[in-house]
Amino acid sequence: MLASLQVQKSREVATLRGQLNALTKVELNLIDDLSSRGVLKDTKVKDMIDSHLKDMECKIGELNEQKERQKTILIGRLDQKLKSLEEELVARHQQKAEEITDRADKSPAYMYKKMLLLQKQKNERKQLRDTLRIETEQTVEELERKFELIRLREIKIKELKFISQLIQHADFDREELADVFKAYVRHKIEGRTREVLQHAKVLTPEQKEARGPTTLLSRAKEELVRRQSSQRFQLTAKRQGLTET
């Protein structure tokens, strides 16, 4: 059950990273296009970008602090657990040693039995420490995975919000931007994408002609062609592999 949950979280992390990589491409191409049009010289746009970067930095810093606090508390609890279990183990070992001593006659058999007992106790203490070490590592890994998911989700929300803000300062048509998202965003985030596109304008053919061509759209088409070519190549290679087997 635990392994299944870990696999599920790992898949979600991979999906979120893929989505963020795609959103970053959209964002960078938007900024490039706005820059070429001189829009980024506008004070309001500059302030918006600075605010976004500051907000992102603060949020990531806040999450990192939360993670480190929880990690410190977690490791402290596990260290205390190890200490308590070791004390219980030592007490049992001491009691066993005293029982053997009370019945001992200092014979070679006694000495050999005592040596075996000491070795057994040493192995038990090592096994206990190893078990707790593995538990600590797994628990910390799970904590790291949990916060990585939270971090990626937060970044995704903020990036989508930022793209929505950028769109409001640009002369991009809603359908054009929908094509851009299709070109870059492989992983489905349809609900969020629709929300972003609501901030886009609906341009008439005359307005598009007056605006002129955009680097954003040309790059999106190039990305789509590149991706389709890659998919066809992978499909062909797969078919060839099936034919050869």
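Is E135 buried, partly exposed or exposed? In this predicted model, E135 is partly exposed, with a relative accessible area of 27%.

The protein is built from helices. Seven helices and zero strands make up its secondary structure. From the N terminus on, the order of elements is α-α-α-α-α-α-α. Helix α1 covers residues 2–36. Helix α2 spans residues 43–103, and helix α3 spans residues 108–168. Helix α4 runs over 174–184 and helix α5 over 190–197. Of the 245 residues, 32% count as buried. The accessible surface comes to about 16600 Å². Carbon and sulfur atoms account for 53% of that surface. Contacts reach across the sequence. Among those between residues at least 6 apart, 88% join residues at least 24 apart.

Salt bridges were searched for across the whole structure, and 14 were found. One of them pairs E135 with K81, with the closest N and O atoms 3.1 Å apart. E135 belongs to helix α3 and K81 to helix α2, so this pair ties together parts that are 54 residues apart in sequence. K81 is also partly exposed, at 35% relative accessibility.

A second salt bridge joins the side chains of D55 and K158, at 2.8 Å from N to O. D55 sits in helix α2 and K158 in helix α3, so the pair ties together parts that are 103 residues apart in sequence. D55 is partly exposed, with a relative accessible area of 37%. K158, at 17%, is buried; the cut-off for buried is under 20%.

The side chains of E137 and R133 meet at 3.3 Å, N to O. Both residues lie in helix α3, four residues apart, about one turn of the helix. E137 is partly exposed, with a relative accessible area of 40%. R133 is partly exposed as well, at 42%. Salt bridges also form a network, which links K67, E68, K71 and E144.

The interior was examined next. In soluble globular proteins, nonpolar side chains tend to be buried together. Here, the largest nonpolar core has 35 residues. L30, I163, L177 and F181 have the most contacts inside this core. Helices α1, α2, α3, α4 and α5 each supply at least two of the core residues.

D33, in helix α1, is buried, with a relative accessible area of 1%. Leaving aside neighbours within four places in sequence, D33 contacts F172, T214, T215 and L216.

Definitions and conventions
Residues are numbered from 1 along each chain as its sequence is written. This is a predicted model: local features need pLDDT of at least 70, side-chain atom pairs count only at pLDDT 80 or more; totals for chains, interfaces and linings use all residues. Side-chain values use heavy atoms; hydrogens and water are left out. A salt bridge is a side-chain nitrogen of Lys or Arg within 4 Å of a carboxyl oxygen of Asp or Glu. Buried means under 20% relative accessible area, exposed over 50%, partly exposed in between (1.4 Å probe, protein chains only). Contact means heavy atoms within 4.5 Å. A nonpolar core is a set of buried Ala, Val, Leu, Ile, Met, Phe, Trp, Tyr and Cys residues joined through side-chain atoms within 4.5 Å. Accessible areas come from the Shrake-Rupley method with a 1.4 Å probe; for residues, only the protein chains shown count as cover.
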